[in-house]
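Here's a friendly walk through this structure, one topic at a time. Keep the view open as you read.

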Amino acid sequence: KDKNTWFIPVIIVTALRELQDKLKAIEIGADDFLIKPYNKLELVTRVKSLLRLKELHDDLDTSENILFALAQALEAKDNYTRGHSERVSIYSGDLAEAIGLSHREVNIIRKGALLHDIGKIGIRESVLLKEGRLTTEELDHIKEHPVRGYEICCRLHSLSPTLSVIRNHHERFEGGGYPDCIAGDEIPLPARIASIADSYDAMTTNRPYRKGIHPKDALEIFVKEKDFGQWDPRLVDEFIKLMKTNVA
């Protein structure tokens, strides 16, 4: 039992031995099954094993929640970035839905976008909160955050589908981005989507060194620059269509 719910393993005991019958048992919600005649010790062992798996799953969920809380705490230090990852998550998910990705893929992209800047935990506050122009050394330091975020999150197997967003959201479609300098379709689709959402939110919100621009002006920048190599132009077209319905 955890704090809120009981977990009851569902083990079906059956005389059926065909593969299709076993698959049907799994489809209707069985966690495991035993073939008659069964051994009582085997049943107890299977239950214990399922309970251990449940505890492991709960630990992973807790670890994910800690990372999400850290990401929110990081943004809360700065009024200018508060809510940034949540907005990037929303924009990324909406774009993923608009291009027809599955519900599972959309959720992966939303989750990855929530954590895309988690690596900034390892960046000096004096750099993150600096109001003036960054020096070359400071720029190089802040560019470390995708790899730092990847290294933090890659230890959790449950987050593995989101890692491309965390590591590659600063790649450029023409290959001049970082950290891996990959180009075009080499950049995973979730990262290409999050890159557009991240750029849009950065343009339209205030930062210490400049004021945010109007959403309509940001979309005009996408129109003018979509063929200059920063973003996937096909995705930019879809994003512009999507956002024009929301921008007065």
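## The cavity

The largest cavity has a volume of about 50 Å³, and the structure holds one cavity of 30 Å³ or more. Here's how that works: on a 1 Å grid over the protein atoms alone, a cavity is a set of points where a 1.4 Å probe fits but cannot get out, and lining residues have an atom within 4 Å of a point. Grid points are joined across faces, edges and corners, and the volume is the space filled by probe spheres set on the points.

What lines the largest cavity? You'll find E171, R172, F173, I187, R192, S195, I196, Q230, W231 and D232 around it. That lining splits into four nonpolar, two polar and four charged residues (nonpolar covers Ala, Val, Leu, Ile, Met, Phe, Trp, Tyr, Cys and Pro; charged covers Asp, Glu, Lys and Arg; the others, Gly among them, are polar).

## What kind of model this is

Keep in mind that this is a predicted model: local features need pLDDT of at least 70 and side-chain atom pairs count only at pLDDT 80 or more, while totals for chains, interfaces and linings use all residues. Residues are numbered from 1 along each chain as its sequence is written, and side-chain values use heavy atoms, with hydrogens and water left out.

## The overall layout

The protein has 11 helices and two strands (DSSP runs numbered from the N terminus: helices are H or I with at least four residues, strands are E with at least two). Going along the sequence, the pattern reads β-α-β-α-α-α-α-α-α-α-α-α-α.

Of the 248 residues, 37% are buried (buried means under 20% relative accessible area, exposed over 50%, partly exposed in between, with a 1.4 Å probe and protein chains only). As for contacts (heavy atoms within 4.5 Å), take those between residues at least 6 apart in sequence: 55% of them join residues at least 24 apart.

## Aromatic rings

How many aromatic pairs does a search of the whole structure find? It turns up four (rings of Phe, Tyr and Trp, the last by its six-membered ring, pair if their centres lie within 6.5 Å; planes under 30 degrees apart are stacked, over 60 edge-to-face, the rest tilted). One of them is Y91 with Y200, an edge-to-face pair at 5.2 Å centre to centre and 85° between the planes. Y91 lies in helix 3 (residues 84–98) and Y200 in helix 9 (residues 189–204), so this pair ties together parts 109 residues apart in sequence. Y91 is buried at 18% relative accessible area, and Y200 is buried too, at 2%.

Another edge-to-face pair joins F222 and F239, with 5.7 Å centre to centre and 65° between the planes. F222 sits in helix 10 (residues 215–225) and F239 in helix 11 (residues 233–244), 17 residues apart. Both count as buried: F222 at 0% and F239 at 1%. Y91, Y200, F222, W231 and F239 form one aromatic cluster, and W231 is also among the residues lining the largest cavity.

Now look at the loop between helix 8 (163–168) and helix 9, where P179 is found. The peptide bond from Y178 to P179 is cis, with omega near 10°. C181 is in that loop as well. Its phi is near 55°, a positive value in a residue other than glycine, and C181 is exposed, at 51% relative accessibility.

Key: 1 Å grid on protein atoms, 1.4 Å probe; cavity = no way out; pocket = protein on both sides within 12 Å on 5 of 7 lines; lining within 4 Å.
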